[in-house]
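Please consult the sequence and the structure while reading.

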Amino acid sequence: AGNSVPNLHLKGRIIPAPDARKMVDDYLRGTGSKQPDPNDPEFVYGYIYGLAAIRDLLFQIDNYNLNAPFDEQITALHFYQAKSKRDNDVKDRSDIVVIPIKRNGEDFKADSSKALDGGGGMALAMSGPCPNICNN
């Protein structure tokens, strides 16, 4: 045990697209328990982020890591289920927020002096929840 550094950078792997689709289908089918109707507008089972937003986040992380001490470098991303209001919404909607994780396993808590955008950025939110507003 000891004070080993988590190998967060090793989490995840690329899988074949048909395997990923089967995993989603298995989720929607459930395991014998009653599942919500996938056509129900309140049922969200997927989220979309555009590549531009992901590239921007990775660009900010890469720039932050250039000058960060080894233990403070970002090596992974947390994908948290959350609630957020979109531009024209009057109520919160299901969302996924993406928060960088430092090498030591802690979530990155940006302050304005460390974030590239000067506003404490380096997290993603406002995904397109599916099937409701994926394509809006």
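## Nonpolar and aromatic side chains

L51 has a relative accessible area of 54%, and because this value is over the 50% cut-off, L51 counts as exposed. The model under discussion is predicted. L51 is found in helix α2 and belongs to a nonpolar surface patch of about 440 Å², together with I54, L58, L77 and F79. At least two residues of the nonpolar patch come from each of α2 and β2 (74-84). The greatest contribution to the patch is that of α2, with 3 residues.

In soluble globular proteins, nonpolar side chains tend to be buried together. The largest nonpolar core of this model comprises 11 residues: Y49, L57, I61, Y64, A68, I74, I96, V98, F108, M122 and L124. Both α2 (51-67) and β3 (93-102) supply at least two residues of this core, and α2 gives the most, with 3 residues.

The structure holds 1 aromatic pair. Its partners are Y64 and F108, in an edge-to-face arrangement. Y64 lies in helix α2 and F108 in the loop between β3 and β4 (128-130), so the pair ties together parts that are 44 residues apart in sequence. Both Y64 and F108 are buried. A further contact with a ring involves a charge: the charged end of R103 sits over the ring of F70.

| Contact | Distance | Angle between planes |
|---|---|---|
| R103 charged end over F70 ring | 3.9 Å from the ring centre | – |

How values were computed
Residues numbered from 1 in each chain as written. Predicted model: local features only at pLDDT ≥ 70, side-chain atom pairs only at ≥ 80, totals over all residues. Heavy atoms only, no water. Core = buried A, V, L, I, M, F, W, Y, C linked by side-chain atoms within 4.5 Å. Buried < 20%, exposed > 50% of the residue type's maximum accessible area, 1.4 Å probe, protein only. Helix = DSSP H or I, 4+ residues; strand = E, 2+ residues; numbered from the N terminus. Patch = residues over 30% accessible without salt bridge, like charges linked within 9 Å, V, L, I, M, F, W, Y side chains within 5 Å. Areas by Shrake-Rupley, 256 points an atom, 1.4 Å probe, with all protein chains shown as cover. Salt bridge = Lys/Arg side-chain N within 4 Å of Asp/Glu carboxyl O. Phe/Tyr/Trp six-rings, centres within 6.5 Å; stacked < 30°, edge-to-face > 60°. Lys NZ or Arg CZ within 6 Å of the ring centre and 35° of its normal.
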